[in-house]
Amino acid sequence: MKVLIGYFTTESNAHVPLKNNIKNYDLAFGDNVIRKSRVGEVFEKEGVELIPSIYASAGASGVILKETFAYIESMFIKYINENLDQLDGIFLHLHGASEVEGLGSGDHHILKEIRKIVGPYLPIAVVCDPHGNLSEEYCSNATIIRSYRESPHTDADDTKKLVAKMLCDLLKNRQNIKPEYIKLPLILGGEQSVSTDEPVKSINEYMDMIESDPRILSASWHVGYIRHDTEVAGCGVVVIPSEGKYQSYAKEKVQELADYVWNKRHEFHYTGLTMNPEEAIKTALEFNDKPVFITDSGDNVTSGATGWNTYILRQVLAVENLSKSVLFANICDPKTFRQLDDLKIGDETSICLGVDADEWSKSVNLDVTIISKGYLRGYLMHDHDAHFGDAVVVKVKDKPITISVASTRQTMAEMHQFKEVGLDFNDFDLTVIKQGYIFPEPKAAAKLAIMSLTMGSTPQDTASIPFKRIMRPMFPVDKI
């Protein structure tokens with residue numbers, strides 16, 4: 001048996017001034033598609049041969065240029081057409097929030113075009129990010145669709161392997177099954193739906209219970225994505241039967257799951273300790289243990305922000321007689337990075353840090369010493385060995401402030417990323433990172449972690465975002 005495999009992920013934030021072109025993608029073909037997708041061992045064990053198409057990942061960033069998307073989609077279509085008479089199934093990793101300029105959801109468009117080619121019955125399995133948006137048409141074009149459950153996405157690799165095994169089992173026992181889908185009038189940000197907190201913890205346990213029934217193959221809750229205005233925004237739930245004869249039963253269970261999530265709507269809340277920016281910095285600097293972390297939630301690069309904002313840096317610079325050591329990892333400023341990268345470790349220089357794109361990214365003049373350089377690496381399910389950019393680390397003259405100046409947006413979520421640029425967050429009293437909810441490694445190390453409700457391209461107050469195209473009424477934008 002033969003299965004075509006492909007990967008396309010972008011989390012498109014329409015509130016940043018940058019657009020994704022082909023240079024922003026980590027692209028791979030041939031065996032590298034299989035390696036980077038991390039599911040090859042499942043298919044090999046099941047005796048299924050994989051036919052690679054394209055691997056294209058831009059992570060969380062801007063809206064995709066139409067010509068860039070057209071090229072990526074054409075690669076999927078090319079390899080499907082070339083191998084159509086050999087294919088027994090298709091395995092896709094799609095994000096669900098890959099917005100294309102002038103087109104809408106790229107994920108939805110790719111799946112629709114593939115289904116046109118292969119017809120209504122060829123099995124297509126889709127694994128996706130829970131922060132992707134669904135629609136009736138998108139789900140109907142898949143045979144199996146399942147999101148990861150954990151946020152942060154610590155179960156992404158396990159979910160991909162689970163869906164791969166589901167597809168292999170389906171190929172050995174072909175059934176005419178389809179997803180049962182319900183859209184909920186509920187819109188949430190990722191910082192209100194962290195899986196270690198309630199009510200998401202209970203929702204995941206409820207889905208585990210549904211999946212323990214042999215009549216059900218899969219159950220998933222898709223939180224959705226709020227950083228671009230689209231008619232497909234909002235939560236959705238999907239249940240898939242194990243056999244065609246249980247299709248009506250899956251319809252019952254998806255309604256039960258929808259009711260369960262909807263009845264939890266008043267329980268969703270910001271994760272962890274959240275404060276306004278003034279209270280956050282005061283509390284962090286007064287705390288008598290370390291390490292302390294502040295997440296700059298309005299400039300959350302894991303949700304597509306630029307990483308440009310200097311607001312918290314300016315807060316710290318304004319502190320008189322600063323006695324705590326503070327690390328900023330990272331601040332993205334390509335121009336200043338290039339200036340620093342031309343110098344050697346130990347060199348002293350003056351920089352103007354900040355791109356001055358808006359109030360939040362205003363520049364500051366600093367005298368600094370270069371202390372280290374290194375690559376920006378991946379985290380969680382992203383390729384840890386891939387080169388996502390570069391950083392130069394500087395120490396501010398006469399102040400206990402250290403800054404990792406980055407060539408591009410990239411969060412620092414795991415210790416190996418800090419080590420790669422010559423840093424260890426345990427060496428600092430306070431570390432400021434460009435995230436919303438804090439990721440597992442810094443969370444485990446933190447004696448105190450605060451999400452600062454800063455402004456920027458990823459504001460956390462969902463009800464305040466001026467949506468125009470979403471389904472209405474929609475909670476909490478509307479009081480249902």
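1. Ground rules. Residues are numbered from 1 along each chain as its sequence is written, and side-chain values use heavy atoms, with hydrogens and water left out. The model is predicted: local features need pLDDT of at least 70, side-chain atom pairs count only at pLDDT 80 or more, and totals for chains, interfaces and linings use all residues.

2. Helix H9, buried face. Helices (H or I, at least four residues) and strands (E, at least two) are DSSP runs, numbered from the N terminus. H9 covers residues 277-286, and its buried residues are Pro277, Ala280, Ile281, Ala284 and Leu285. Buried means under 20% relative accessible area, exposed over 50%, and partly exposed in between (1.4 Å probe, protein chains only). Down the axis of H9 the buried residues fall within an arc of 115°, so they line one face of the helix. The arc is taken over the directions from the helix axis to the C-beta atoms.

3. Helix H9, cover and start. The cover over its buried residues includes strands E13 (273-275), E14 (292-296), E15 (326-332), E20 (430-433) and E21 (448-452), along with helix H10 (311-317). Where H9 starts, a side-chain oxygen of asparagine 276 comes to within 3.1 Å of the backbone nitrogen of glutamate 278.

4. Cavities. How many cavities of 30 Å³ or more does a search of the whole structure find? There are four. A cavity here is a set of points, on a 1 Å grid over the protein atoms alone, where a 1.4 Å probe fits but cannot get out; lining residues have an atom within 4 Å of a point. Grid points are joined across faces, edges and corners, and a volume is the space filled by probe spheres set on the points.

5. Lining of the largest cavity. Among its residues are Pro130, Tyr148, Arg149, Ser151, Asn204 and Trp221. Helix H7 (residues 200-211) gives the most, with three residues. By class, the lining has six nonpolar residues, four polar and one charged. Ala, Val, Leu, Ile, Met, Phe, Trp, Tyr, Cys and Pro count as nonpolar, Asp, Glu, Lys and Arg as charged, and the others, Gly among them, as polar.

6. Cis peptide bonds. Serine 151 is joined to proline 152 by a cis bond, with omega near 5°. Proline 152 sits in the loop between strand E9 (144-147) and helix H6 (156-172). Another cis bond links arginine 472 and proline 473, with omega about 0°. Proline 473 belongs to the segment after E21.

7. Positive phi. Most residues other than glycine have a negative phi, and most peptide bonds are trans. Arginine 38 has phi near 65°. Its place is the loop between helix H1 (31-37) and helix H2 (40-45), and it is partly exposed at 26%. Aspartate 398 also has a positive phi, about 65°. That residue lies in the loop between strand E18 (389-396) and strand E19 (401-406). Aspartate 398 is exposed, at 73%.

8. Aspartate 383. Beyond four places in sequence, aspartate 383 touches Arg35, Lys36, Arg38, Gly378 and Phe388. Contact means heavy atoms within 4.5 Å.

9. Isoleucine 114, in helix H4 (residues 106-118), is buried at 0% relative accessibility. Neighbours within four places aside, isoleucine 114 contacts Phe76, Ile77, Ile80, Ile90, Leu92 and Ile124. Valine 421 lies in the loop between helix H12 (415-420) and E20. Valine 421 is also buried at 0%. Its contacts beyond four places include Ser372, Tyr375, Ala391 and Met412.

Note on methods. Polar contact = N/O pair within 3.5 Å; in protein donor to acceptor, adjacent residues only side chain to side chain. 1 Å grid on protein atoms, 1.4 Å probe; cavity = no way out; pocket = protein on both sides within 12 Å on 5 of 7 lines; lining within 4 Å.
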